[in-house]
Amino acid sequence: MSLREYCSGDAEGLFAALRDERAWEHIPRRIPRDCTELDSDMQAGPAAVPRLAFTVRRGGEIVGRTSIFYDPSAPAGVEIGATQFDPSVWGTGVNTRAKRVLVRALFDQGAEWIQFRTDERNARSAAAIRKLGAADLGVRQDDLVRREGTVRRSRFFRLERPTGFRRPPGE
């Protein structure tokens, strides 16, 4: 499993990985019609929050995506989200390994905490986040709008920087 920063050349592989509608069930945006539209969405990202998007690969093949969101109003922490995978890799540990790579890198870079959120109806995602050791902060009204037009209620989680965590020597 590896992560690479998203680039337009990844659009076709990512579109193929997310072609199963189940991958979009809890995603609060429209399903792109083609890889050009997916690339446009990936390049644009959310307007208010800077994002760094990644493709997740297994054996060199793109199997999903995830992102890091930096909220200027909360500089001590970040959010890992916008994670989607080809259903063929659900339950294989790819998601957990990808998130652990990001968590370690973010704590190495000085983040004090990491936030996660998922649709209140997405029990599979919530279980995966709990496996990381994140504290469940409960369900709150969100500002995300589901594809059918309802305002999403999200379950929020937070992972605190471990006590005594140190950056690797030389950094």
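Is Ala135 buried, exposed or partly exposed, and what is its relative accessible area? Ala135 is partly exposed, with a relative accessible area of 39%, where buried means under 20%, exposed over 50% and partly exposed in between, for a 1.4 Å probe and protein chains only. The model is a predicted one, in which local features need pLDDT of at least 70 and side-chain atom pairs count only at pLDDT 80 or more, while totals for chains, interfaces and linings use all residues. Residues are numbered from 1 along each chain as its sequence is written, and side-chain values use heavy atoms, with hydrogens and water left out.

Ala135 belongs to strand E6, residues 135-145; strands (E, at least two residues) and helices (H or I, at least four) are DSSP runs numbered from the N terminus. Beyond its neighbours within four places in sequence, Ala135 is in contact with Phe156, Phe157 and Arg158, contact meaning heavy atoms within 4.5 Å. Between the C-alpha atoms of Ala135 and Glu112, which are 23 residues apart along the chain, the separation is 14 Å.

E5 (residues 113-119) and E7 (residues 151-160) pair in the antiparallel sense over seven bridges, two strands being paired if DSSP finds at least two bridges between them. Strand E5 is mostly covered, with six of its seven residues buried.

E5 also pairs with strand E4 (residues 77-85), in the parallel sense and over three bridges, and here Trp113 of E5 has Gly77 opposite. Together with helix H3 (residues 94-108), E4 and E5 make a right-handed β-α-β unit: with the strands pointing away from the viewer, the path from the first strand over the helix to the second runs clockwise.
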